[in-house]
Every structure is written in structure tokens, then in C-alpha cells.
Amino acid sequence: MIHIYCGDGKGKTTCAFGLALRAAGRGRKVLITQFLKSGDSGERVAMAHVPGVTLLEVPERMKFTFRMTEEEKVSFGARMKALLEQTRAVVEKGELGMLVMDECCAAVAKGLLPLADVLSLLDSVPEDLEVIITGRNPDPALVERADYITEMKKIRHPFDKGVAARKGIEW
């Protein structure tokens, strides 16, 4: 089944990683692909120690997309496509019980990852593979395919008052 965790609230990645932890705890092999994240996140550091979980490589640091130049966006888009193809290669081995595609919705919405490529991957996954997709602004084609959709709605967030992201809480 396909799960989407979306919305403008905090917790999309946290939910996806929690589900991945649950799956790994039950002996499922999990692949985590992160599209708009860097390696400097607490959940990623912890998940790297969980047996049965594979994390595909991400940049150690990266800019927010709104701070990227057009040239950087093109370069980063090529990296996103390569990451998706790497994901496809692992999926095709048929050994996974769960695939997490963190920030996939946002990567598609920002034009860094072609929707057609994501849909092609979804069309090719084994029937028993659970797929978790996160990010803001999921494309209607992704929404249509999803079996679960959970929207995180921001009511209040310290960032709105100028409080920067805190290590161990937001990252």
C-alpha cells in the first residue's frame, strides 16, 4: 500500500521513520531515500544503527530550495533523478518490505524530480512492498494512488516567532 504524510505541519518525516522503525522491528527490510534532506538529522543518525534499514546517501549539507540558484537547482535535480534510479535498482531486487521516499512530494512540487519518474517507480513496485511518501504539496496523481493519506496541519510553530530549528527537535 502507499502512504502519504503531507501538510505544512511538523512530523511528516518523524511519522515515516517511526513506521520504518516498526517495520524493521518486525523483520522487514527497509530502504530510506531522502530527497530534500541532508545527512545532519537526528533521525537519520539513529536509524543508521537499526538492523535491516538501509539509508541511501545524501549530501552532508544542502541549501533550502528557495536559496538555490537556477544552476544549483538543475544540478540538484540531476542528483534527485539519480537517487530515484538508485532507489529503483534496490526495489527491483525484490528484498524490501518497506520503502520510504522522504520529501518526495516536495521534490516533485519544486520541479526537481519528474512526477512521471516517480509514478513509473510506483507502477513497478512489488504488490507486497509498503511505500511511504512524505512532503508538502503532494501532486494529485500521487494522492489518487495513495491508500493512506495523513495531513499534518500546523496550528502553531516557534519558527513563526523567529525561533530557529533546534538540534534534536526539528533536526
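Visitor: Which is glutamate 103, buried or exposed?

Guide: Glutamate 103 is buried, with a relative accessible area of 14%. (Buried means under 20% relative accessible area, exposed means over 50%, and partly exposed is in between, using a 1.4 Å probe and protein chains only.) A quick word before we go on: this is a predicted model, so local features need pLDDT of at least 70 and side-chain atom pairs count only at pLDDT 80 or more, while totals for chains, interfaces and linings use all residues. Residues are numbered from 1 along each chain as its sequence is written, and side-chain values use heavy atoms, with hydrogens and water left out.

Back to our spot. Glutamate 103 sits in the loop between E4 and H4. (Helices, H or I with at least four residues, and strands, E with at least two, are DSSP runs numbered from the N terminus.) Its backbone has a positive phi of about 65°, although glutamate 103 is not a glycine.

One of the residues that touch glutamate 103 is arginine 136. Not counting residues up to four places away in sequence, arginine 136 also touches Gly7, Asp8, Lys12, Cys105, Ala106 and Ala109. (A contact means heavy atoms within 4.5 Å.) Arginine 136 is in the loop between E5 and helix H6 (140–145), and it is partly exposed, at 42% relative accessible area. Arginine 136 and alanine 107 are 29 residues apart in sequence, yet their C-alpha atoms are 9.0 Å apart in space.

The loop between E5 and H6 also holds asparagine 137. Asparagine 137 is not a glycine either, and its phi is positive, near 55°. At 58% relative accessibility, asparagine 137 counts as exposed.

Now for the empty space around here. Rolling a probe the size of a water molecule over the atoms shows where empty space is left. Glu103 and Arg136 are among the residues nearest the centre of the largest pocket, along with Lys37, Phe64 and Glu170. (On a 1 Å grid over the protein atoms alone, a pocket is an open set of points where a 1.4 Å probe fits, with protein on both sides within 12 Å along at least five of seven lines; lining residues have an atom within 4 Å of a point.) In total, 41 residues line this pocket, and helices H1 (12–25), H2 (42–47) and H4 (104–109) each give two or more of them. H1 gives the most, with three. The lining divides into 13 nonpolar, 12 polar and 16 charged residues. (Asp, Glu, Lys and Arg count as charged; Ala, Val, Leu, Ile, Met, Phe, Trp, Tyr, Cys and Pro as nonpolar; the others, Gly among them, as polar.)

What about the nonpolar packing? The largest nonpolar core has 33 residues, and Met101 and Val131 are among those with the most contacts inside it. (Such a core is a set of buried Ala, Val, Leu, Ile, Met, Phe, Trp, Tyr and Cys residues joined through side-chain atoms within 4.5 Å.) Strands E4 (98–102) and E5 (130–134) are among the elements that give two or more residues to this core. Apart from it lies another core of 17 residues, including Leu19 and Met98.

Finally, step back: the chain has six helices and six strands, and 44% of its 171 residues count as buried.
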